[in-house]
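Open your viewer and get ready to select a few places in turn. Each stop below says what to pick and what is there.

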Amino acid sequence: MANEQDLLSTEIVNRGIESSGPNAGSLTFSVRVRRRLPDFLQSVNLKYVKLGYHYLINHAICLATVPLLVLVFSAEVGSLSREELWRKLWEDARYDLASVLSFFAVFVFTLSVYFMSRPRSIYLIDFSCFRPSDDFKVSKEEFVELARKSGKFDEGSLEFQKRILQSSGIGDETYIPKSVIASAGNCATMKEGRTEASAVMFGALDELFEKTRIRPKDVGVLVVNCSIFNPTPSLSAMIINHYKMRGNILSYNLGGMGCSAGVIAIDLARDMLQSNPNNYAVVVSTEVVGYNWYQGRDRSMLIPNCFFRMGCSAVLLSNRRRDYYRAKYRLEHIVRTHKGADDRSFRCVYQEEDEQGFKGLKVSKDLMEIGGEALKANITTLGPLVLPFSEQLLFFATLVWRQFFSSSSSSSSSGGGVLNAKKPYIPDYKQAFEHFCVHAASKGVLNELQRNLELSESNMEASRMTLHRFGNTSSSSIWYQLAYLEAKDRVKSGDRIWQLAFGSGFKCNSLVWRSMRRNRKPTRTPWLDSIDRYPVQF
């Protein structure tokens, strides 16, 4: 585990002119201490590198066998002329017809087994992201004023939320449910939860079915993920009832899996499509904000109020080969990392009641450190699957050097020598991907990810702008970012997109897509009314 002091950073904040008290009329400053992500340059766990290469080797054996067989066949027939080759084949077929027929039968059988047993390609036909009406739009100032008018928070809690919002990276056009805006009572009711869930899910699905011209009855697999709100009947049952879907649909409802559940839902849909050919799957990712709105005074539980906003995404997947020509993306890789065996990781984002009995999400001060460890494990496993050979070679060479020679280097340095332990080479993931969709959790998290992965401002633009325009929409955040890239007309044919999400548990999950064609600026997008104003500086 990293040294405690190494994970802290300080920042001097101008608090403005003091309005009251003995220092009225003078400038005031405060020192803010933040936790940073662990420095990825200092430690790379070898077991995750081995896991990544294990994935690679499993898929590479078949590919390596084919060139070997071609080489052997070429050496066998390379010394024969065309006439000699045809004469030899004719004579063999003439005098040993049974052997020739047996050979062709085995060849056709082997070829058939290969094509029938290999995993089907999973295509993303299209996706949609819900944009609420302007009635739900709330600025940062309006947010604080609404919290004050509710009478649920004391001045200390209000001031804390105001400070969090000012440094959050969230803009003044995010969306909050009406149950929170208009109600001074308890907004975390089943009725209000169902109302919000229906609005966001049906809004996203209506747009998806309209864009893809797919009937709801054509969908064979439905996966819904929502971490906090899990009613009975389930959210997936609500969708089936609303759209009158077919009776043999395979439906799943994932709950309590945090902001990375969208990737888990895609993984589950992929598995279902692999075992059910010629099918469509719909994945709905959302979070019901009002149902988990915290009304107490515990500051660690007030943080989610400041960041989480309304949002929902709906994705249509297909395993039909005829959809190859109209699909936007093809699924390349899914890598999932779970650190739940560690007690600190398990409890770093924890739903519970405070001392007053108010329910909410408690965010640990160790979140940045724990998230960094999960992220490091995930990208180390992903690296061998996506990085070019030159990057893998440099990374592997420095890793071996550090693994076997760091101890001797350290002893030489402590004994007065000048030899230092060689710092491991962190691969350049910009060579593996053209676009990055990193979960828009907060401005501080995005800053640390950018620093550790050495990403440019353009690489982080989609994440930052999504955070500013829509806030943290939980598991649907990575789809608002992809919608931003499409709205900017940046996704070209062959481009690789990395969607990276992390959430409670603690989990860090990656999706890798390859663009099948140039995705021109869509006519329906959540960015339609604001894309020309972005990017903005904040």
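Is C508 buried or exposed? C508 has 1% relative accessibility, so it counts as buried (buried means under 20% relative accessible area, exposed over 50% and partly exposed in between, with a 1.4 Å probe and protein chains only).

A word on what you are viewing: this is a predicted model, in which local features need pLDDT of at least 70, side-chain atom pairs count only at pLDDT 80 or more, and totals for chains, interfaces and linings use all residues. Residues are numbered from 1 along each chain as its sequence is written, and side-chain values use heavy atoms, with hydrogens and water left out.

Next, select C259, which also counts as buried, at 12% relative accessibility. If you are looking for disulfides (a pair of cysteine sulfur atoms within 2.5 Å), the count is zero.

Now go to S313 in strand β9, residues 312-318 (strands are DSSP runs of E, at least two residues, and helices runs of H or I, at least four, numbered from the N terminus). S313 is buried at 0% relative accessibility. Leaving aside neighbours within four places in sequence, the contacts of S313 (heavy atoms within 4.5 Å) include S128, C129, A204 and W479.

For the last stop, show helix α5 (residues 155-166) and helix α10 (residues 299-307), which pack at an angle of about 50 degrees with axes 10 Å apart. Color the residues where they meet: among them are F160, I164 and L165 in α5, and L302, I303 and F307 in α10. The residues of this contact divide into seven nonpolar, four polar and two charged.

How values were computed. Axes are lines fitted to C-alpha atoms, for helices over the stretch in contact, and angles run from 0 to 180 degrees between N-to-C directions. Ala, Val, Leu, Ile, Met, Phe, Trp, Tyr, Cys and Pro count as nonpolar, Asp, Glu, Lys and Arg as charged, and the others, Gly among them, as polar.
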